[in-house]
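Reader: I am new to structures, and I would like to know where the labels come from. Can we go through some of them?

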Protein chains: 2
Amino acid sequence: MASPTARLAKDYPWVKGPVIASAPMRLIALSSLAVEVSKAGGIGFIGASSDVSTLEGYFKDARQLLRSHHLQTANNTLPIGIGFLNWGADLPLAIELLRKYRPAAAWFYAPYQISDLVAWTNETRQATGNATKIWIQIGTVAEAVEAVEKCAPDVLVVQGVDAGGHGLNRGAGIISLLPEVHDTLAAKLKGREAEMPVLIAGGGIADGRGVAASIALGAAGVVLGTRYLAAPESVITKGYRDEIIRASDGGPHTVRTSVYDTLRGTTEWPKRYGGRAVINRSYEDAMAGMGDDENKRLYKEEEKKGDMGWGPSGRMTTYAGTVVGLVTKTQSAKEITEEVREETIAVLKRMHTIATDGWMAMSRL
Amino acid sequence: MASPTARLAKDYPWVKGPVIASAPMRLIALSSLAVEVSKAGGIGFIGASSDVSTLEGYFKDARQLLRSHHLQTANNTLPIGIGFLNWGADLPLAIELLRKYRPAAAWFYAPYQISDLVAWTNETRQATGNATKIWIQIGTVAEAVEAVEKCAPDVLVVQGVDAGGHGLNRGAGIISLLPEVHDTLAAKLKGREAEMPVLIAGGGIADGRGVAASIALGAAGVVLGTRYLAAPESVITKGYRDEIIRASDGGPHTVRTSVYDTLRGTTEWPKRYGGRAVINRSYEDAMAGMGDDENKRLYKEEEKKGDMGWGPSGRMTTYAGTVVGLVTKTQSAKEITEEVREETIAVLKRMHTIATDGWMAMSRL
């Protein structure tokens, strides 16, 4: 069987290694971000989210933006991916658009149950003649096994609990999750190795060190979310972006919670998911016992402050991962993608030196 | 300044790279485990815990066990380390024993406040003529900065939230924590680089993939806890060890909580810490609203069942990290240490191949 890297090279022939994808962040990762990431040799994703009524506009924008820049694709696909929130997205409309625009990948996430993705997978493959590759994001070993048994995705995105925005309330970091997903699938798929999906790691990765670590853990590539919030191509306000640059020490200063969903009215997420964001006054008030109605009223008031509504004493939501402290400056999506790729190769070289000049010398003592 | 690897080679001259330490697990990691790990080229730690009244016995046992096996040490130290829980450990008695037995390292953890460690650090260094090196374990960037500014430890153990047993209730995985600790310290210590501690990663690591990932993130070595629970040298019951081997998918199946401390009466831990363990009936009952008195009564009853008291429907506590699913068989501490070291080197070689044969080929397309 072809190596995971070779499969990525075949399915997304414009990519450069190590493979870096941008997360399909809801309302944030639209055509401009996705196209810039792909143009820089990554795999850019548009967040179609739970409401696909705006997706055709994004496809048209992306096609337009890609016109001047020829990227080599497989099977006449569009060199970007589309991410869906499957608890809300409309299947027939989505399939119609996938058939028409043929993105290189469709990323499924957060169905009420994994089995809901069987129809999405089959219809996408049928509609595009298997040209649009299936990515499924999971957060536990059990979800990984179920997704692979039921859908045989091309790619499994293994999301660790450090991830920003929505993820499972109860999970592990990729440091332990990714190797266990790999080993469990390898054991289950003995004799049918062709069904082993390519593993892509997400959650807590923002630079070349995180990418190299993910490769060590068994991933063939990574997905970055929080880091791309620093790119002007992400559709967020200045207040949100400034807070991403400011915030640090994400362990104590971010939290996964349903408080921000309650305030923002995005309450249809399956109950097993919460959104990780920088801790702010809304969260602290909720923990101190403030009722939802009063907290929502204050949130609405805060909206009038514009960019001043973000920050630890503000009330606007700053979805971000624990890695937010490694995001310290604004950079274009192109710069981020290229820099992280180059750093990764530098980290690998440094590791090689540590092993040869350091460990080998140590063992000779 | 000497590289972190060179500093480890100088201070612990018996070690082999990559440096693997065994965690000073309370009541579990005693002389036999520590000595076996050191004899295998790692750094074995005895968990002196919060009550040092038994420490002299452990020291004597360790010295006896080491007698037949000459390990090269620095400054006439004992080639093992001792871990303290500083919220409870008695400083004068500890210092007396450190002076007398001169372990290669003293590992400080969980003081009520970081500044409590200043006296521990200074007195240890004075008592041993700086021969016993200072390891301090932290769980956030803020703690790292404070520990380094106040104590200038030789080693900083960076504990991610995936760790088993006790850790901060609010933290990040090492995937994001370790690089941010590194960068923040490097910036703060500009001009006084000699004060930069060696970084050792812990939390979620059980095999060569986790070690290689930690090296990529910037660690000079790692500490393993859960993996060593599979070694017969760990002082745990068969029921506990069987549950470690059985449990999998640690994200959903372990939890960090104070429930187990309440049941076991270890309630003096500073409030910011909880213990990660496999979810069992005690925890589920507590979440369902059972009062502490009834839950404790049932715990006491369960103790009578012996090894049958462990497991998801049991009530005895199985402290373990999210990585528990990667621990699948009993192995001696020696085998674990050697296997993990060899795996790490194999992972590095594989990464080199992926980069050269995979990514480079990709980029040429």
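Reader: How much area do chain A and chain B bury between them?

Author: This is a predicted model. In it, chain A and chain B bury about 4,800 Å² between them. Of that area, 67% is on carbon and sulfur atoms. A:Ile175, A:Trp359 and A:Met362 supply 16% of the area that chain A buries against chain B, more than any other three residues.

Reader: How many residues does the contact take from each chain?

Author: The contact takes 58 residues from chain A and 58 residues from chain B.

Reader: What makes B:Arg209 and A:Asp183 a salt bridge?

Author: Their side chains meet with N to O at 2.7 Å. The cut-off is 4 Å between a side-chain nitrogen of Lys or Arg and a carboxyl oxygen of Asp or Glu. The pair of B:Arg209 and A:Asp183 meets that rule. The count between chain A and chain B is 2 salt bridges. Over all chains, the structure holds 38.

Reader: Why is B:Ser50 called buried?

Author: Buried means under 20% relative accessible area. B:Ser50 is at 16%, so B:Ser50 counts as buried. The residue lies in the loop between β2 and α3 of chain B. Leaving aside neighbours within four places in sequence, B:Ser50 is in contact with B:Arg26, B:Leu85, B:Trp87, B:Gly88 and B:Ala89.

Reader: Why are A:Glu146 and A:Lys150 called partly exposed?

Author: A:Glu146 has a relative accessible area of 29%. A:Lys150 has 41%. Both values fall in between, so both residues are partly exposed.

Reader: Where do B:Lys39 and B:Glu36 lie?

Author: Both lie in helix α2 of chain B, 3 residues apart, about one turn of the helix. B:Lys39 forms a salt bridge with B:Glu36, with the closest N and O atoms 3.2 Å apart. At 28% relative accessibility, B:Lys39 counts as partly exposed.

Reader: What does the salt bridge of B:Asp154 and B:Arg125 tie together?

Author: The closest N and O atoms of B:Asp154 and B:Arg125 are 3.3 Å apart. B:Asp154 lies in the loop between α6 and β6 of chain B, and B:Arg125 in helix α5, so the pair ties together parts that are 29 residues apart in sequence. B:Asp154 is buried, with a relative accessible area of 17%.

Reader: What is the peptide bond from A:Gly17 to A:Pro18 called, cis or trans?

Author: That bond is cis, with omega near -10 degrees. A:Pro18 is found in the loop between α1 and β1 of chain A. In chain B, the peptide bond from B:Gly17 to B:Pro18 is cis, with omega near -10 degrees. Most residues other than glycine have a negative phi, and most peptide bonds are trans.

Reader: What is the phi of A:Ser49, and where does the residue lie?

Author: A:Ser49 has a positive phi of about 65 degrees although it is not a glycine. The residue lies in strand β2 of chain A. A:Ser49 is buried, because its relative accessible area of 7% is under 20%.

Technical notes
Residues numbered from 1 in each chain as written. Chains lettered and ligands numbered in written order. Predicted model: local features only at pLDDT ≥ 70, side-chain atom pairs only at ≥ 80, totals over all residues. Heavy atoms only, no water. Helix = DSSP H or I, 4+ residues; strand = E, 2+ residues; numbered from the N terminus. Buried < 20%, exposed > 50% of the residue type's maximum accessible area, 1.4 Å probe, protein only. Contact = heavy atoms within 4.5 Å. Buried area = accessible area lost by both parts, 1.4 Å probe.
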